[in-house]
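Hello,

Here is the structure I promised to pass on to you. Please have a look at it first, and then read my notes below.

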Amino acid sequence: MMREMRYVILLLVFLAIPFSCKQKGETPKVEEIQEIGSGLLLENIKNPSKGKAHLPRLVAQNGALHMTWVEEEDSHAILKYARCKEQVWSTPKTITSGTDWFVNWADFPALAVNGETILTNILQKSAKGTYDYDIKLNLLSGDAIIKSNFLLNTDGIAAEHGFVSMRPYDDGFYVTWLDGRETKHEKKEDNQMTLRAAIVDLDGTIKEDTVIDTRVCDCCNTAIAITYEGPVVVYRDRSDTEEEIRDTYITRWVDGAWTTPKAVYNDQWQLNGCPVNGPAIDTQEQDVVVTWFTASDDDPRVLVTFSKDNGATFGTPVRVDAGQAIGRVDTTFLKDGSALVSWLEPKGDSVLLQAVRVYQDGHKDAPVTITTTSAARASGFPQLEIIDNTVYVAWTDLQGDQSTIEVVSFEL
């Protein structure tokens with residue numbers, strides 16, 4: 001991985017930087033610090049992933065940084081979990097492993113934390129078809145597996161089921177996913193990818209399995225968050241007309257029912273295919289922020305918009321990229337109501353992982369470059385989380401046919 005110039009850090013600077021998680025039992029140490037602009041110091045954090053590792057997923061909850069990732073050994077795929085709290089990583093735990101998984105750069109395991117209970121998933125092949133796979137959930141509490149490899153989709157049809165998103169909700173979790181049970185009809189025009197949602201209780205009971213949208217984009221990730229009124233889901237829709245408009249839509253759980261899906265903003269992106277580039281969402285009290293990629297009018301860009309009424313209405317989008325963005329976005333609210341947004345963007349022969357702070361009145365800070373990475377699909381979707389004023393970023397770094405997980409932090 002190409003890196004910025006390394007800096008020799010004086011003791012005064014060392015004391016000023018945010019803490020770094022260390023391996024259990026190790027002496028704390030700063031491995032690398034570099035300036036990324038606007039006086040921000042980027043710290044490289046040693047993380048517990050090993051070997052051929054990729055597909056990191058970060059969640060900041062209860063003052064701890066939780067991470068799942070996939071390691072591959074020969075034909076085995078292994079889902080692992082660790083958390084960093086009080087500057088120490090827990091011993092990595094193997095959640096599950098298998099030789100029959102669908103391991104994909106864009107359709108990766110999700111992660112949610114509710115108190116001491118952790119929910120995650122893998123994708124397991126259900127038939128010989130390339131995209132025939134099921135969603136298997138795993139529940140953990142502390143170091144104990146509560147329930148392992150249980151089906152989320154119970155339709156019994158060999159079809160695509162994936163692109164899971166999940167958030168803690170009351171005494172359990174709200175989960176959404178793309179469900180392909182309606183893609184196996186004899187008539188092509190009858191085949192539709194659907195969006196579904198369900199509640200997963202803390203004991204693994206699945207209830208209120210519901211169709212949210214009967215025609216959506218086939219392979220863009222979904223995103224879910226919780227407002228004062230209840231869950232909200234954003235995803236890439238697919239118009240019912242031959243125009244093939246694929247804009248970002250939102251639906252909200254209000255008064256015991258899902259609202260009619262509507263566009264977050266009418267990009268009018270006409271595309272006869274799936275861009276594999278879904279939206280990101282975060283909430284803070286009644287405020288909602290949505291970030292998404294679009295290439296309508298042959299202009300690839302990353303847009304950000306805010307809502308002050310639990311996602312019922314949104315303001316004018318703010319463009320954050322410098323031109324010809326790749327997308328693969330993430331977003332998180334900061335304490336003051338602004339939002340931090342990350343995305344991939346080409347620059348010359350390189351691809352930059354960028355981040356910028358966007359304010360609800362429409363102005364934004366200067367973007368900063370987190371790292372130089374690869375445009376290859378295997379580099380995946382970088383992850384963004386925040387604890388107090390410390391921002392954490394994780395991504396898959398590629399070196400030839402090898403992959404490792406990088407985690408860095410900086411303080412705002």
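Let me begin with the lining of the largest pocket, whose residues divide into 25 nonpolar, 9 polar and 7 charged. In this count Ala, Val, Leu, Ile, Met, Phe, Trp, Tyr, Cys and Pro are nonpolar, Asp, Glu, Lys and Arg are charged, and the others, Gly among them, are polar.

Before I go on, please keep in mind that this is a predicted model: local features need pLDDT of at least 70 and side-chain atom pairs count only at pLDDT 80 or more, while totals for chains, interfaces and linings use all residues. Residues are numbered from 1 along each chain as its sequence is written, and side-chain values use heavy atoms, with hydrogens and water left out.

A pocket here is an open set of points on a 1 Å grid over the protein atoms alone, with protein on both sides within 12 Å along at least five of seven lines; a cavity is a set of points where a 1.4 Å probe fits but cannot get out, and lining residues have an atom within 4 Å of a point. Grid points are joined across faces, edges and corners, and a volume is the space filled by probe spheres set on the points.

The largest pocket has a volume of about 930 Å³. Of its 41 lining residues, Arg-167, Ile-224, Ile-281, Asp-282 and Glu-385 lie nearest the centre. Which strand gives the most to this lining? That is β12, with 6 residues; strands are DSSP runs of E with at least two residues, and helices are runs of H or I with at least four, numbered from the N terminus. Strands that each supply at least two lining residues include β3 (52–61), β16 (223–226) and β29 (383–387).

The second largest pocket, of about 380 Å³, has a lining with 1 nonpolar, 6 polar and 9 charged residues. Lys-188, Asn-191, Gln-192, Asp-218 and Arg-238 are the ones nearest its centre.

There are also 4 cavities of 30 Å³ or more. The second largest cavity holds about 70 Å³ of space, and its lining has 9 nonpolar, 1 polar and 1 charged residues, among them Trp-101, Phe-102 and Phe-108.

As for the whole protein chain, it has 1 helix and 31 strands. Of its 412 residues, 57% count as buried (under 20% relative accessible area, with over 50% being exposed and partly exposed in between; 1.4 Å probe, protein chains only). The C-alpha trace spans about 65 × 45 × 45 Å along its principal axes.

Best wishes
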